[in-house]
Structures are given as C-alpha cells and as structure tokens.
Amino acid sequence: MRPTGWFKYKLTLAASIFALICGCLPISSPAPHGNYYVTSEIAYLRDGPRYNSRVLGQLYKDDMVEKLQSTSAKWWRIRANRTGQVGWMQASILSLNPVKITCYYVTPDTVVLRECPGEECQSLQLLYRGDQVQRVEKNDRGWWRVLVIKGRGLGWLPEKDLVEHPVSPQS
C-alpha cells in the first residue's frame, strides 16, 4: 500500500515540526574542568559519588576546588586546594565564581574556641581581639560554630563575643 499525498504531507509536516523543536532545545554541555568555589557554609568531601559514601573531609564556603572528573551532572570528583584531598562532591554546591563570605571579629581581649557550644566544653584554641572568623552554623543558645580564618580551626564561640565590623587588635 502506497502512502497518499495527504499522508505524505502530514508526515513531512510532522518531521519538519520535530526538527524545528529539536533545533531550538538548548544543548547542555558539561561544565569545564578547572577551579570552582564551594557555595554552602559547610560541605563534605566523600569517597564516592553518593550521599551514603564515607566522609573524607569538610570544606567551607569559598574554599577553592579543582574539578577532575564527573560521572553525571550531579557529582564531581574534585581536589580541595586547601588540603589537597581528592574526593567527590555535589556539583550543585560549586560555582565558577568566588563566593562572598562575611567575616566576624573577636571583641574581647581573649576568648576560648571550644569543641562544643558551652563553657564546660574542651578548649581548642585561644583567640584574640580582632581575630577573624566565619560563621558555619549557630544554635538557639547563643553559640556559633565558626571557622577561624587564620589557621582554619573549627569550633564554637559565644555570639556575644563577635561583631561584623573590624575592631582594633589587642594592644
């Protein structure tokens, strides 16, 4: 059975519409290899491209990483520039552009960076007036988990001991 003229016309029209639609769809290309920046306050470097993979380390907002490979658009194998560790991270929390972080400054002459949010918690490091920190998280009892800019130590400080504007260092 041979197609009729009307059928040929419909088939040609359908093929033309399909070609037009396909030609208008954006072609997604993989993100280029190179340097990217962490966009979330804290991120976990994993040993595989899955959420249930073992955590190898932590990265923080604006940490620079190098994209090494990707298995999909969701997970990339990266190298952390700060630590040199290699592992997997979700592509959705990485950006080609540096990320603005807000620094806070220690106001007392000295304050103890603690392992947990409380005066009874173990001391990790002594910070001085003017030292800069980046807030990673906060709790409802007035404590902030912070990343110390100099040295990259992680611990807890009372929120009351921090301000957003620079203060003169201890004299």
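This is a predicted model: local features need pLDDT of at least 70, side-chain atom pairs count only at pLDDT 80 or more; totals for chains, interfaces and linings use all residues.
## Around aspartate 161

Set aside the neighbours within four places in sequence, and aspartate 161 is in contact with Tyr105, Val106, Thr107, Pro108 and Val111. Contact here means heavy atoms within 4.5 Å. Aspartate 161 sits in the loop between β13 (154-158) and β14 (162-163). (Strands, E, at least two residues, and helices, H or I, at least four, are DSSP runs numbered from the N terminus.)

Is aspartate 161 buried or exposed? With 11% relative accessibility, aspartate 161 counts as buried; the label buried means under 20% relative accessible area, exposed means over 50%, and partly exposed is in between, using a 1.4 Å probe and protein chains only. The side chain of aspartate 161 also makes a polar contact, at 3.2 Å, with the side chain of lysine 160. A polar contact is a pair of N or O atoms within 3.5 Å; within protein, one must be able to donate a hydrogen and the other to accept it, and residues adjacent in sequence count only if both atoms are side-chain atoms.

Residues are numbered from 1 along each chain as its sequence is written, and side-chain values use heavy atoms, with hydrogens and water left out.

pLDDT is the predictor's confidence in each residue, from 0 to 100. The chain has a mean pLDDT of 85, with 80% of its residues at 70 or more. Confidence is highest in strand β9 (residues 110-114), at 97, and lowest in helix α1 (residues 5-24), at a mean of 54. Over residues 22-28, pLDDT stays under 50, and the model has zero contacts beyond four places in sequence for them.

How many aromatic pairs does the structure hold? There are three. Rings of Phe, Tyr and Trp (its six-membered ring) pair if their centres lie within 6.5 Å; planes under 30 degrees apart count as stacked, over 60 as edge-to-face and the rest as tilted. One of the pairs is tyrosine 36 with tryptophan 76: the ring centres are 4.8 Å apart and the planes are at 65°, so this pair is edge-to-face. It links distant parts of the chain, since tyrosine 36 is in strand β1 (residues 34-38) and tryptophan 76 is in strand β5 (residues 75-80), 40 residues apart. Both tyrosine 36 and tryptophan 76 are buried.

Tyrosine 51 and tryptophan 75 make another edge-to-face pair, with 5.1 Å from centre to centre and 70° between the planes. Tyrosine 51 is exposed, at 57% relative accessible area, whereas tryptophan 75 is buried, at 8%.

## Charges over rings

Arginine 135 lies over the face of tryptophan 144, at 4.8 Å from the ring centre. The rule for a charge over a ring is that NZ of Lys or CZ of Arg is within 6 Å of the ring centre and within 35 degrees of the ring normal.

## The disulfide

A disulfide is a covalent bond between the sulfur atoms of two cysteines; the cut-off used here is a pair of cysteine sulfur atoms within 2.5 Å. The structure holds one, joining cysteine 116 to cysteine 121 with 1.6 Å from S to S. At -95° about the S-S bond, this link is left-handed. Cysteine 116 is partly exposed, at 29% relative accessible area, while cysteine 121 is buried, at 7%.
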